[in-house]
2 protein chains.
Amino acid sequence: MNKVRVAVNGYGNIGKRVADAIKKQPDMELSGVTKAHPDYSALEAVHKGLPLYAISNPDAFFEQDIAIHGSLPELLERSDVVIDCSPGGIGRANLAIYSKYPNLKVIFQGGEDASIAPVSFNAQSNFEDAINQNIIRVVSCNTTALCRILSPLHDLFGIKKARVGLVRRAADPNQTKKGLMNAWYPTAHFPSHHAIDVNTVLPDIPITSLAGIAPTTLMHGHMVFIEFTKAPSNVKEIVDVFSENKRVFFVTTKRGIETTAHIKDLAHDTGRSRGDIYEVCLWKDAMGLDEQGELGMHLAIDQQAIVIPENIDAIRAICNLADKETSLRMTDESLGMGRLKIDPLLLTV
Amino acid sequence: MNKVRVAVNGYGNIGKRVADAIKKQPDMELSGVTKAHPDYSALEAVHKGLPLYAISNPDAFFEQDIAIHGSLPELLERSDVVIDCSPGGIGRANLAIYSKYPNLKVIFQGGEDASIAPVSFNAQSNFEDAINQNIIRVVSCNTTALCRILSPLHDLFGIKKARVGLVRRAADPNQTKKGLMNAWYPTAHFPSHHAIDVNTVLPDIPITSLAGIAPTTLMHGHMVFIEFTKAPSNVKEIVDVFSENKRVFFVTTKRGIETTAHIKDLAHDTGRSRGDIYEVCLWKDAMGLDEQGELGMHLAIDQQAIVIPENIDAIRAICNLADKETSLRMTDESLGMGRLKIDPLLLTV
């Protein structure tokens, strides 16, 4: 079988994780990764034996004695798919470069505007819509999490309206020129773009959202209220919806997982690469139904990791490599998803 | 006119602010404040000429050459009302002490369980219920803010259901043994106690809430969704409800007020004592109505200051010193409320 050759344009926080994940897929080959600057990430890529390409200034790499395989155009020439992992908003400019390669398929990230691609993608929610497309967009971390949770609940109980309060992390752990030290920073718009973005994937689910930024680097938090058209009779029915879903991970304060810091700690302890949590986390003991059958719950989202499985599935969908069920299973197994559930130690409470 | 003699038991973050506010009221006299330890706050109280009493160990004060007026029982003997500003949960134990003084009226704070008093108090919402009571409880900062916002909206538009996501500050600025450095800490219960506490004051408003703690010392943030029974036709109708209300302060990102840190900065700049914001702050440009007429908005609450005017009104209610309208006006004027509105500079955008 010919492997699909995948380029990762931008070996940053998302790109390096996507590259690692591609290396684990039997039906994919990492044709190369790009860097704009010869920094420690470039060294790490070379050290791991990844084919490194310069985005613009190859001399800067030569000066640092970092061996590169060529330029971005040379990489694109050798690739079937490019995953654009450039900083949000840069993808639009890159589109002009990509369009010079008529056989190249392109996957953008959620930092780009939805209009950049005909399909905004979430693996569970609309895998089929992406099959054989030329350009798709994997939605952002927050939208990915909400799609994973809302889509199966809507199928089973019907969502009358979902309301979400998002507590966004201020910066990624390695971002040291961005941040928020001691304040709450509301996003001054209602609804926040998250509800709108969920509707690019799931147009039939009524949803609204408010968001703000808190001084943390460790995961986003969502406070979710869901009104159903036919309410479940107890919380167990909700838990059961996700019990076999490897992209949802239940945590509980009864085992000392009280904050996002505990979740990250557990991910490191259980040997996850870079401490990544690809699953959307759901506090089991914080879930409840009120008198009207409305569900309240807390989610936590690893902003650097949750979209990684979605990017892998996006490659399979856009290249028509496998059907949805096969793709999700291959991705989940390759990334060890679900195995954070140190069952029954964690889940029996 | 005989002034009402008011004791403040616990000269801490709330107590020192209540004491300052009492000194500004023409119908009240500060009979004294208490401290458990002879720390810098005790020195500050003496320096300001406040009658200082020792909660338990007078020798500790004598050893530091801090002059005290006597013990807590001696202070209570000389008082008509005691404001219990002890740490949350201690009030219950203090009740046994207070009950030895049959003519002493008692005001507890929201850190105590609602069952401690027959009336949970918010000045705007249920002033009349507190008149001539012997024991009342001023609800917490978060509940006070929600009561101020929900009560007038319910009167005008009818609230079908309110949903609130609370982003709580991790510690007060001077609390250095408590905190949260880098995580989101959801409260593992649905609903959080805030919705339940609002219903102790406003039992007829359907409300639910989720809450968590963020690493900041500067104010709480609320993300509020309100469904109305008869929806307002535009946001201006909502703004108009609060335009004459001195306990609600509109802020706007259009004047650079983007975070809770900006609000505190403005309070300091405009000369507020201790940088206190007694008003509940409401981002004007973050307010919106969705297609179903549901309101979304962001609030910010100064956890150390918002209950101060409520405590002053609570004294007037419990002692029947003035009617609601007169009390609120006296309190607002004495504390300079509404004057943070550097109108028209701030409000015309």
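Which residues in helix α9 (residues 235-242) of chain B are separated by about one helical turn? Select Asp240(B) and Lys236(B), which lie four residues apart in that helix and are therefore about one helical turn from each other; their side chains meet in a salt bridge (2.9 Å, N to O), a term that stands for a side-chain nitrogen of Lys or Arg within 4 Å of a carboxyl oxygen of Asp or Glu. Helices (H or I, at least four residues) and strands (E, at least two) are DSSP runs, numbered from the N terminus.

The model is predicted, with local features needing pLDDT of at least 70 and side-chain atom pairs counting only at pLDDT 80 or more, while totals for chains, interfaces and linings use all residues. Residues are numbered from 1 along each chain as its sequence is written, chains are lettered from A in the order in which they are written, and side-chain values use heavy atoms, without hydrogens and water.

Stay in chain B and select Arg17(B) with Asp276(B), whose closest N and O atoms are 2.9 Å apart in a salt bridge. Arg17(B) lies in helix α1 (residues 15-23) and Asp276(B) in the loop between α10 (260-269) and β14 (280-283), so the pair ties together parts that are 259 residues apart in sequence. Both Arg17(B) and Asp276(B) are buried (under 20% relative accessible area, with exposed over 50% and partly exposed in between, for a 1.4 Å probe and protein chains only).

Next, in chain A, select Arg247(A) and Glu310(A), which form a salt bridge of 3.4 Å, N to O.
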